[in-house]
Amino acid sequence: MAGTGRTVFTSGLLLALSTGAVMPIGCKPYRIEYRDRPSFYHRAAGEELPDREVLEDGTVVLYRTNDPRSDYQRSREVDEEGKPFRIREEKEDGSIVLRAFLPEHVLANTLTCLQNEEYKLLWRQGLAERTKQAYESRGEGVEEFAAFFRRHRQELARTLNRMILGIPREEVEVVWASDAAVGCRLRRHVADQFVFTQVEMVREGRDLKLRIIQ
């Protein structure tokens, strides 16, 4: 997503705190980094995430599950009904509401819909209008959209899951091309392992919407 004056967030939007310390082991020091991991990463991953990992350069990374909040996030802690903000809400009547203010929210909601095979829900609430219009201009619609997701379900899930896990590991580049357009890209050393390597999103009203996965 090219653009002049763009801002690159190499450590992810929600990594509000990352501190480092060098600790000695005998005569050989090693580095410890503490990184905050937003709590919704656990829900999106669907499995227990490690609290500790060792990078190739010997750095020990210790993760703390947290929900660091920027001023932007604090201003949107409640939904349109004044209730606590949730990116996915299942109401008593069985209906589901998707919300996404940040790129991580789009990734998590898309992965959940993919895992649950909720393609029509993703089309209605998570997909950008310009993408729907592109389908319609070809005489296609939700059925063709769903067919694409079914056909590539495994590879799409691998990419989305790696992006969610990879943001705190600095394996994902988050690029804002403008106030209304953002892209998440797997870094080159990671991207070679995946069929899909980039997710683009656009803002529509209050929410970010999925534009394309490629």
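V199 touches L107, L160, M163, V182, G183, C184, L210, I212 and I213, leaving out residues up to four places away in sequence; contact here means heavy atoms within 4.5 Å. This residue belongs to a predicted model, in which local features need pLDDT of at least 70, side-chain atom pairs count only at pLDDT 80 or more, and totals for chains, interfaces and linings use all residues. Residues are numbered from 1 along each chain as its sequence is written, and side-chain values use heavy atoms, with hydrogens and water left out.

## The protein and its core

The secondary structure comes to eight helices and 11 strands. Helices (H or I, at least four residues) and strands (E, at least two) are DSSP runs, numbered from the N terminus. Of the 214 residues of the protein, 44% count as buried. Buried means under 20% relative accessible area, exposed means over 50%, and partly exposed lies in between, with a 1.4 Å probe and protein chains only. Among contacts between residues at least 6 apart in sequence, 53% join residues at least 24 apart.

In soluble globular proteins, nonpolar side chains tend to be buried together. In this model, the largest nonpolar core has 39 residues, and those with the most contacts inside it are L107, F149, V199 and M201. Such a core is a set of buried Ala, Val, Leu, Ile, Met, Phe, Trp, Tyr and Cys residues joined through side-chain atoms within 4.5 Å. Helix α3 supplies the largest share of this core, six residues.

## Two helix pairs

The table sets out two pairs of helices. Axes are lines fitted to C-alpha atoms, for helices over the stretch in contact, and angles run from 0 to 180 degrees between N-to-C directions.

| Helix pair | Axes come within | Crossing angle |
|---|---|---|
| α3 (residues 103-116) and α7 (residues 153-166) | 10 Å | roughly 150 degrees |
| α4 (residues 119-126) and α6 (residues 142-151) | 9 Å | roughly 120 degrees |

Angles under 35 degrees count as roughly parallel, over 145 as roughly antiparallel, 65 to 115 as roughly perpendicular and the rest as oblique. Helices α3 and α7 are therefore roughly antiparallel to each other. The crossing in which α3 passes α7 is left-handed. A crossing is left-handed if the near helix is turned anticlockwise from the far one by less than a right angle, and right-handed if clockwise. On the α3 side, the contact is made by L107, A108, T110, L111, L114 and Q115, and on the α7 side by R153, L156, A157, L160, N161, M163 and I164. The residues of this contact of α3 with α7 divide into nine nonpolar, three polar and one charged. In this grouping, Ala, Val, Leu, Ile, Met, Phe, Trp, Tyr, Cys and Pro count as nonpolar, Asp, Glu, Lys and Arg as charged, and the others, Gly among them, as polar.

Helices α4 and α6 are oblique to each other, and their crossing is right-handed. Y119, K120, L122 and W123 of α4 make the contact with V142, E143, F145, A146, F149 and R150 of α6. The residues of the contact of α4 with α6 comprise seven nonpolar, no polar and three charged.

## Individual residues

T110 is placed in helix α3 and counts as buried because its relative accessibility is 2%. Beyond residues up to four places away in sequence, T110 touches L122, F149, L160, L210 and I213. T131 is found in helix α5 (residues 129-137) and, at 12% relative accessibility, is also buried. Leaving aside neighbours within four places in sequence, T131 is in contact with L210 and R211.

E200 lies in strand β10 (residues 198-204) and is buried, at 7% relative accessibility. E200 and R211 are 11 residues apart in sequence, and their C-alpha atoms are 5.4 Å apart in space. R52 lies in strand β4 (residues 52-54) and counts as exposed, at 51% relative accessibility. The C-alpha atoms of R52 and L62, 10 residues apart along the chain, are separated by 4.6 Å.

Most residues other than glycine have a negative phi. E117, however, has a positive phi near 55 degrees. E117 is found in the loop between α3 and α4 and is partly exposed, with a relative accessible area of 45%. E170 likewise has a positive phi, near 60 degrees. E170 is found in the loop between α7 and β8 (172-178) and is partly exposed, with a relative accessible area of 37%.
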